[in-house]
Amino acid sequence: MNGKDLISIRDLERKDIEGLFSLAEKMEGEIGGEKSPLKNRIIATLFFEPSTRTRLSFQAAAQRLGASVINFESVALTSMAKGETFVDTIKIVDGYADLLVIRHSLEGSARLAANVAKHPVANGGDGGNQHPTQTLIDLYTIRKVKKKLDGLCVHLVGDLKYARTMRSLLYGLGMFGADVTLVSPKGLEMDKGVVDEAKTLFSMKIKQTNELDLKGADVAYVCRIQKERFADPYEAEKLQKEFKITEEQLKGVKEDLVILHPLPKIDEIDPAIDNSKHATYFEQAKLGVPMRMAIIMKLLGRA
Amino acid sequence: MNGKDLISIRDLERKDIEGLFSLAEKMEGEIGGEKSPLKNRIIATLFFEPSTRTRLSFQAAAQRLGASVINFESVALTSMAKGETFVDTIKIVDGYADLLVIRHSLEGSARLAANVAKHPVANGGDGGNQHPTQTLIDLYTIRKVKKKLDGLCVHLVGDLKYARTMRSLLYGLGMFGADVTLVSPKGLEMDKGVVDEAKTLFSMKIKQTNELDLKGADVAYVCRIQKERFADPYEAEKLQKEFKITEEQLKGVKEDLVILHPLPKIDEIDPAIDNSKHATYFEQAKLGVPMRMAIIMKLLGRA
Amino acid sequence: MNGKDLISIRDLERKDIEGLFSLAEKMEGEIGGEKSPLKNRIIATLFFEPSTRTRLSFQAAAQRLGASVINFESVALTSMAKGETFVDTIKIVDGYADLLVIRHSLEGSARLAANVAKHPVANGGDGGNQHPTQTLIDLYTIRKVKKKLDGLCVHLVGDLKYARTMRSLLYGLGMFGADVTLVSPKGLEMDKGVVDEAKTLFSMKIKQTNELDLKGADVAYVCRIQKERFADPYEAEKLQKEFKITEEQLKGVKEDLVILHPLPKIDEIDPAIDNSKHATYFEQAKLGVPMRMAIIMKLLGRA
């Protein structure tokens with residue numbers, strides 16, 4: 001991974017990820033310290049699709065290391081088919097910065113950027129495809145809070161058909177030996193091909209259900225029902241209500257159940273739960289900074 | 001104030017403000033120097049309502065101290081009643097940064113943010129309510145230029161009913177023993193309750209008038225007639241014309257009259273006056289940087 | 001130039017530009033190094049007209065030197081005739097920063113800003129008038145790649161009537177003894193007064209043609225046909241097609257022909273050429289950073 005790109009979680013081996021866990025832990029310890037290993041270095045954050053949290057988290061990570069940020073935000077109006085503008089933008093910014101973070105609504109854009117740029121590229125999310133730094137944060141958070149990943153019972157809850165993070169997360173959980181229960185409304189199940197592949201690759205236990213029941217779970221990872229995918233918004237709201245995490249839903253769950261969410265959340269979790277001992281999503285967001293510090297250091301060949 | 005929040009000028013005692021005066025003076029001397037006391041620290045500027053000058057001034061202050069800035073600008077589309085999004089945003093950014101500067105169109109939002117965030121919060125203006133850093137800059141500027149606040153004759157001119165800065169400024173002037181004349185169009189007088197409270201609290205002399213006459217004034221603090229509050233824009237323009245500071249209006253005023261304005265100004269002051277010895281509003285804007293440096297240092301417990 | 005402004009290429013003498021060449025070369029060597037000569041300094045980038053590349057390049061240059069950036073972007077809605085707002089903005093930001101970079105759609109705005117600001121002002125492009133840092137980058141790139149400017153055969157290709165960069169570039173090329181061929185569609189020739197003046201000032205050889213033929217050229221500098229200037233967009237597209245650089249057009253050109261473009265490019269150069277040995281425009285964009293570093297250092301009197 002040194003000096004290379006981070007495009008997909010699938011480019012990483014278990015030992016790469018374990019290396020990032022250690023490095024992120026070290027980075028946590030250095031926040032607030034005097035070291036500026038990336039002094040005078042420039043990280044470019046190129047957001048062709050808005051994503052405030054990913055942008056701020058990467059910028060904070062860069063700046064905690066002493067680096068500066070140049071930022072470009074633009075809605076990609078033209079199709080990638082036309083292409084020139086995107087590739088030209090990447091080539092130009094590649095001449096200004098030491099590392100490029102790219103967010104784009106179209107699948108494959110980060111890989112294309114990596115092919116074109118001489119400097120390392122980190123994928124900050126490309127459409128429904130990959131969002132590897134999010135997956136690394138998710139795994140890091142679970143491991144940090146639970147002290148392990150192996151043998152944990154993790155429920156993935158919500159729209160598993162369209163949610164970007166869930167496929168990569170399943171893959172990552174498999175790699176580290178967790179057991180997974182897929183919990184989704186009917187019709188929003190995770191793609192069978194993805195599930196079968198994970199079973200084959202990691203001999204992992206995967207259950208599937210259309211009923212939300214968190215009783216046996218160590219971790220519940222919740223994501224949004226994407227209303228904009230529904231012809232009938234009323235149907236979407238009904239489903240969201242059924243799959244919403246409420247205090248009622250938390251009756252009888254394990255004492256140390258951990259609830260995660262990639263944020264921003266809207267209707268998926270009752271705000272009353274934010275103050276419960278289970279809610280770990282703000283801690284998860286916070287851990288994004290040291291993990292992204294680790295990723296930046298690694299991609300720049302500095303760790 | 002160390003390590004706490006700055007939400008309202010009313011949270012401060014006279015000795016706190018005097019401490020900020022001294023610290024701001026020290027900061028002025030350090031602009032352009034080599035010290036970076038806040039190296040690797042991150043200040044988040046969260047602007048739910050646009051305010052270019054406040055944003056740039058806070059960012060410059062943070063950067064003069066060696067800190068970095070992450071910035072978020074968004075128009076608050078939803079009412080605070082809904083709430084979740086604002087509180088979630090604060091909690092997330094609280095995980096990224098060491099101090100949060102918040103500007104929002106709704107009263108009470110900064111206080112809410114302070115309740116939610118673990119890091120210090122500085123109120124960068126919340127609706128018509130409070131804008132304490134502006135008031136501190138105003139007091140600091142007067143004291144710096146006039147060498148004192150006690151016993152000065154300060155005219156507050158313009159729309160005293162709606163202008164955010166004027167109530168806090170009256171309070172601050174009272175605390176430091178200045179005499180105040182309130183000059184406003186009929187119907188735009190300052191709220192009687194506010195005036196009475198200031199008289200009671202500080203036994204201060206307050207005159208009220210609907211005629212602009214700056215002859216006895218040491219300081220004229222001018223603010224905008226908020227046209228958007230008028231049903232009839234023609235009426236607003238007529239009033240603005242009557243309360244505009246022109247060369248004519250400055251005949252017979254004290255040699256060392258100081259004119260201040262929170263900026264941006266539009267029609268309130270004839271541009272011809274910008275080059276006069278009385279115009280002190282650009283100096284006032286400039287002093288915003290060392291005062292905000294002082295505030296940041298104080299809130300971070302570093303001074 | 002020390003401690004002054006950079007508004008027009010015409011304010012510079014040949015020895016000033018040669019000094020910038022040397023300094024830019026030194027700056028290239030220092031990118032990635034440990035020196036932060038502008039630590040705690042603030043550069044303001046004020047963009048009253050969008051220009052992503054110029055903005056990012058200036059920001060990167062400032063940050064490579066250890067400086068911080070405050071940024072303001074706004075579409076200038078009001079005419080300069082009204083004026084107050086622009087001048088006020090400059091005066092306010094002048095109180096926050098050590099150097100101001102200004103981009104505006106109206107001619108003369110940078111000069112006006114320089115008259116008003118106490119700190120140095122760099123013109124980042126003011127309408128169709130001047131874009132001196134671009135011209136300096138252009139000359140620097142040619143000199144760097146070709147090892148000289150004197151005696152080179154440089155073709156300026158495209159809309160020479162409206163393109164901002166071309167007049168200044170002609171002037172700069174004349175100053176350094178290059179020969180120029182002006183290649184434009186009929187009706188888009190460079191203004192006769194500008195051409196005659198260049199001939200008189202520098203006794204330079206200038207050919208003019210309406211046919212694109214790069215056979216004798218050492219350098220082809222290509223710019224866009226500005227479609228928005230045409231009543232008939234079809235006519236503009238037809239012209240663009242005729243003056244487009246294609247593989248066909250490059251048959252028989254010199255082995256070491258260098259193609260430059262200020263970027264962004266749209267239709268002017270076939271993307272297939274991006275990977276040819278002739279394409280030097282991304283290198284040119286990259287060289288913008290060290291040249292702007294040199295300009296910033298010079299304007300701040302630090303070199």
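The C-alpha centres of domain 1 of chain A and domain 2 of chain A lie 25 Å apart (domain bounds come from an automatic or database domain assignment). The model is a predicted one, in which local features need pLDDT of at least 70 and side-chain atom pairs count only at pLDDT 80 or more, while totals for chains, interfaces and linings use all residues. Residues are numbered from 1 along each chain as its sequence is written, with chains lettered from A and ligands numbered from 1 in the order in which they are written.

In chain A, domain 1 covers 9-130 + 288-299, and domain 2 covers 133-284. Where these two domains meet, domain 1 of chain A gives 17 residues to the contact and domain 2 of chain A gives 15 residues; two residues are in contact if their C-beta atoms, placed from the backbone, lie within 7 Å. On the domain 1 side, α1 (14-30), β4 (121-126) and α9 (281-299) of chain A are the elements that give two or more residues. Helices (H or I, at least four residues) and strands (E, at least two) are DSSP runs, numbered from the N terminus. The largest share of this side, 5 residues, belongs to α1(A). By class, the domain 1 side has 8 nonpolar, 5 polar and 4 charged residues. Here Ala, Val, Leu, Ile, Met, Phe, Trp, Tyr, Cys and Pro count as nonpolar, Asp, Glu, Lys and Arg as charged, and the others, Gly among them, as polar.

Turning to the chains, 20 residues of chain C are in contact with 14 residues of chain A. On the chain C side, α2 (52-64) and α9 (281-299) of chain C each supply at least two residues, and α2(C) brings the largest share, 8 residues. This side of chain C divides into 8 nonpolar, 7 polar and 5 charged residues.
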